[in-house]
Amino acid sequence: MNQNEFMQLVNPFKDKLFRVAKRLLVSTEEAEDATQEVLVKLWDRNEILDEYKSVEALAMTMTKNYCLDQLKSKRAGNIKIVHNNFTDREASLQQKAEDTDTWKWVEKIMNNLPEQQKLIVQMRDIEEMEFEEIGKVLEMNEQAIRTALSRARKVIREKMIKTHHYGIG
């Protein structure tokens with residue numbers, strides 16, 4: 001496989017790799033480094049990439065593992081989720097402020113989720129990946145993913161309700 005063929009193969013999902021890395025590592029620079037490292041590792045394997053059913057799933061798994069290794073080695077207790085693409089173009093200033101506040105609460109709640117649930121919520125609800133793809137990346141069956149996602153969403157929902165109803169009734 002030459003360089004052009006490789007780039008055609010990875011271009012459709014390289015931004016997705018970056019977003020997952022950014023979600024886990026927070027820092028844009030670290031996410032860029034992680035993405036680049038995964039792409040280099042894929043390039044090193046370019047002769048055998050045809051053997052994989054889904055190179056994207058392989059790359060997502062490599063990205064997840066690389067980021068988790070980085071977090072374990074440097075700062076295991078310093079995980080933070082940031083998502084800046086949450087805006088409503090037609091919303092009023094007050095609505096934008098409320099949306100931002102709500103998203104910050106969701107981020108705080110997600111920070112306290114177990115790592116696996118956090119990844120599943122990220123992949124399903126933010127990256128909009130299919131359950132089958134998530135299963136390949138996390139090496140889990142689809143029913144376990146659905147269960148973990150349901151539990152994570154329930155925790156987020158209950159804590160948001162509790163937050164918004166604090167001091168009422």
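The secondary structure of the protein consists of seven helices and zero strands, helices being DSSP runs of H or I with at least four residues and strands runs of E with at least two, numbered from the N terminus. The order along the sequence is α-α-α-α-α-α-α. The model is predicted, so local features need pLDDT of at least 70 and side-chain atom pairs count only at pLDDT 80 or more, whereas totals for chains, interfaces and linings use all residues. Residues are numbered from 1 along each chain as its sequence is written, and side-chain values use heavy atoms, with hydrogens and water left out.

Of the 169 residues in the protein, 39% are buried (under 20% relative accessible area, with exposed over 50% and partly exposed in between; 1.4 Å probe, protein chains only). The accessible surface amounts to about 10700 Å², and carbon and sulfur atoms account for 46% of that area (Shrake-Rupley method, 1.4 Å probe; for residues, only the protein chains shown count as cover). Contacts (heavy atoms within 4.5 Å) between residues at least 6 apart in sequence join residues at least 24 apart in 66% of cases.

Helix H1 (residues 3–25) packs against helix H5 (residues 115–126) at an angle of about 140 degrees, and their axes are 11 Å apart. Axes are lines fitted to C-alpha atoms, for helices over the stretch in contact, and angles run from 0 to 180 degrees between N-to-C directions. The crossing of H1 and H5 is right-handed (near helix turned clockwise from the far one by less than a right angle; left-handed if anticlockwise). Arg19, Val20, Arg23 and Leu24 of H1 meet Glu115, Leu119, Gln122 and Ile126 of H5. The residues of this contact comprise four nonpolar, one polar and three charged; Ala, Val, Leu, Ile, Met, Phe, Trp, Tyr, Cys and Pro count as nonpolar, Asp, Glu, Lys and Arg as charged, and the others, Gly among them, as polar.

H5 also crosses H6, at roughly 145 degrees, with the axes coming within 10 Å. This crossing is right-handed. On the H5 side the contact involves Leu119, Ile120, Met123 and Arg124, and on the H6 side Phe131, Ile134, Val137 and Leu138. Seven of the residues in the contact of H5 with H6 are nonpolar, none is polar and one is charged.

Within helix H6 (residues 131–138), the residues Phe131, Ile134, Gly135, Val137 and Leu138 are buried. These residues lie on the same side of H6 because they cover an arc of only 165 degrees around the axis, taken from the directions from the helix axis to the C-beta atoms. Just after H6, Glu139 adopts a positive phi of about 55 degrees.
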